[in-house]
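Hi,

Here is the structure I promised to pass on. Have a look at it first, and then read my notes below.

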Amino acid sequence: MSDAVPDTTAPAPAPAAPRGPLAGVRVLELGGIGPGPFCGMLLGDLGAEVVRVEQPAEAGKPTLHPVLHRNRRSVAIDLKQPEGAAAALALVERMDVLIEGFRPGVTERLGLGPEQCLARNPALVYGRMTGWGQQGPLAQEPGHDINYIALAGALHAIGPAGGDPVPPLNLVGDFGGGGMLLALGVLGALLHARGSGQGQVVDAAMADGTALLLAMTYGLLGQGLWQDRPAANLLDGAAPFYRSYRCADGRHVAVGAIEPQFYAALLRVLELTGDPDFAAQHDPDAWPVMAERLTALFATRERDAWAEAFAGQGACVTPVLSLTEAPAHPHHRARGTYRRAEDGSVEPAPAPRFSATPTAEPTAAPVAGADTRAVLSGGVLSEQQVDALFERGVLGGCPGRS
C-alpha cells in the first residue's frame with residue numbers, strides 16, 4: 001500500500017464542454033418551412049449535428065428565420081438534378097436521421113424517398129412532416145396551420161361566445177402538433193434503431209398532432225364535462241376565475257385561480273372574501289355576475305399595479321406580457337429563458353434543461369450554402385467531384401477550396 005499523499009493542490013480537470021444529450025447524432029434536413037425546421041432546431045439545440053439542404057439559387061443569402069435555422073450547417077444542392085440527388089444520397093449514408101416536409105410523393109420523385117434512402121442506410125430514421133399525413137383523402141391537398149387545426153376540432157373551441165374562432169398564432173398545428181411531435185417521433189425511432197439497427201419512417205401529420213393535443217379535452221367531452229361550443233367551459237374563458245381581464249391602462253392580467261386555495265387567495269387580495277356573488281365558484285349560473293364584477297374591478301388599476309398586489313399571494317394571477325416585455329421579466333432573466341443572439345436580437349434559449357448533458361450556446365444560422373464544400377468534401381465526395389458539381393450548377397455556395 002502506497003504512503004504517497006495525493007496532491008490536493010493540483011487543479012481538477014476542466015469539465016467537458018456542453019454538447020447536449022444528442023451529441024453525435026447526425027441529421028439531414030431537406031429544406032422546408034415552419035414545423036420541419038423547428039424540429040431541426042430542437043434536435044440541434046440538444047446537440048445533434050444538423051445539415052440543412054437549400055437550393056443553389058438561395059446560396060449566399062441570409063435566412064429569413066434566424067432562430068429556426070440556428071445550430072445548423074448549410075449546403076446548397078439542386079435536388080431536382082440527378083447528380084444533386086446522388087450527392088444527397090451520399091450524405092444519407094452518413095446520417096442517423098433525415099427530416100423532410102414536402103407533400104407526399106415529392107421525395108420519391110426526386111429519388112430521395114424512404115425506399116431509396118433506407119436501401120443506402122438501413123438504420124436511417126426517415127422523418128416526414130406534413131399537414132394531412134402520407135395517406136388519406138386530403139394527403140395531396142395544400143393547407144396551413146389554421147386549416148389543420150380547424151379540421152381537427154381545435155379552432156372551433158377557441159374564441160369568444162357568439163364570436164368567430166380565433167387562430168392561436170400557428171402554435172398548435174405547426175409547432176406543438178407538428179415540429180415538436182416530429183422530434184418526439186424521431187427520437188423514439190432513433191432509440192429503436194440504436195438497439196436494433198433497423199430504421200423506419202416517421203409519419204408526423206399536423207392534423208394528427210392537433211388531435212393528440214386535444215386528448216384531455218376529448219376525455220372531458222366523453223364524460224359530459226365539456227360542452228362542444230366555445231366560451232362555455234372551465235378552460236376556454238367562460239369561467240371568471242380562468243380568463244384575462246383588461247386593466248385601467250388597456251393592458252391585461254391573466255387569472256388562473258382554479259383550485260380552492262388559489263380562488264380563496266384571489267378573493268382575499270380583491271377584498272371579496274365572503275361576498276355572496278362569489279360563494280359558488282363552480283356554478284356556471286353564477287359566472288356571468290362574477291365576470292361582470294371582476295371586469296369592473298380589474299379596470300380600476302393599471303396592470304403593473306395589479307401585478308404588484310398579487311405578487312407572492314399564491315392566487316395564480318400574472319401580468320399578460322408582450323413579446324418584447326417577456327424577456328425582461330425577472331423570472332426569465334434569472335433562468336435564462338431568453339438569450340441574446342450574436343446579432344443582438346433576443347430569442348428563446350434551448351429547452352428543456354439537462355443536468356448531466358447540458359446544451360451548448362446556440363450557433364447563429366448560416367447563410368445558405370455556407371458549408372457546401374466543407375460538408376461534401378469531408379469524405380462524402382472527392383474534391384474533384386465537388387469541383388465538377390459546382391461547375392455544373394448542381395451545388396451552390398462558395399466554390400473555392402479552403
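**A patch on the surface**

M216, L234, L235 and Y242 together make a nonpolar patch on the surface, with about 330 Å² of accessible area between them. Patches here are built from residues with over 30% relative accessible area and no salt bridge, joining like charges within 9 Å and nonpolar side chains (Val, Leu, Ile, Met, Phe, Trp, Tyr) within 5 Å. The areas come from the Shrake-Rupley method with a 1.4 Å probe, and for residues only the protein chains shown count as cover. Y242 sits in strand β7 (residues 242-246); helices (H or I, at least four residues) and strands (E, at least two) are DSSP runs, numbered from the N terminus. With a relative accessible area of 32%, Y242 is partly exposed, where buried means under 20%, exposed over 50% and partly exposed in between (1.4 Å probe, protein chains only).

Before going on, a word on the model: it is predicted, so local features need pLDDT of at least 70 and side-chain atom pairs count only at pLDDT 80 or more, while totals for chains, interfaces and linings use all residues. Residues are numbered from 1 along each chain as its sequence is written, and side-chain values use heavy atoms, with hydrogens and water left out.

**The chain as a whole**

The protein chain has 14 helices and twelve strands, and its C-alpha atoms fill a box of roughly 85 × 75 × 45 Å along the principal axes. Of its 402 residues, 41% are buried. The accessible surface comes to about 21100 Å², 58% of which belongs to carbon and sulfur atoms. Take the contacts (heavy atoms within 4.5 Å) with a separation of 6 or more: 64% of them are between residues 24 or more positions apart.

**Salt bridges**

How many salt bridges are there? The count is 23, taking a side-chain nitrogen of Lys or Arg within 4 Å of a carboxyl oxygen of Asp or Glu. One of them joins E29 to R52, with the closest N and O atoms 2.4 Å apart. E29 is in strand β1 (residues 26-30) and R52 in strand β2 (residues 49-54), so this pair ties together parts that are 23 residues apart in sequence. Both E29 and R52 are buried.

Another one pairs E83 with R392 (2.8 Å, N to O). That pair links distant parts of the chain, 309 residues apart: E83 is in helix α2 (residues 82-92), and R392 is in the loop between α14 (383-391) and β12 (395-396). E83 is partly exposed at 32% relative accessibility, and R392 is partly exposed at 48%.

There's also a salt bridge between D304 and R303, at 2.9 Å between the closest N and O atoms. Here D304 is partly exposed at 39%, whereas R303 is buried at 3%. Finally, D45, R70, R339, E347 and E361 are linked in a salt-bridge network.

**The sheet**

Seven strands form an open, mixed sheet in the order β6-β5-β4-β1-β2-β3-β12, with pairing meaning that DSSP finds at least two bridges between two strands. Each of β6 (200-205) and β12 stands at an edge with a single partner strand, so one side of each has no neighbour in the sheet. Strand β3 (residues 72-77) and β12 run antiparallel and are joined by two bridges; L395 in β12 is the bridge partner of I77.

Cheers
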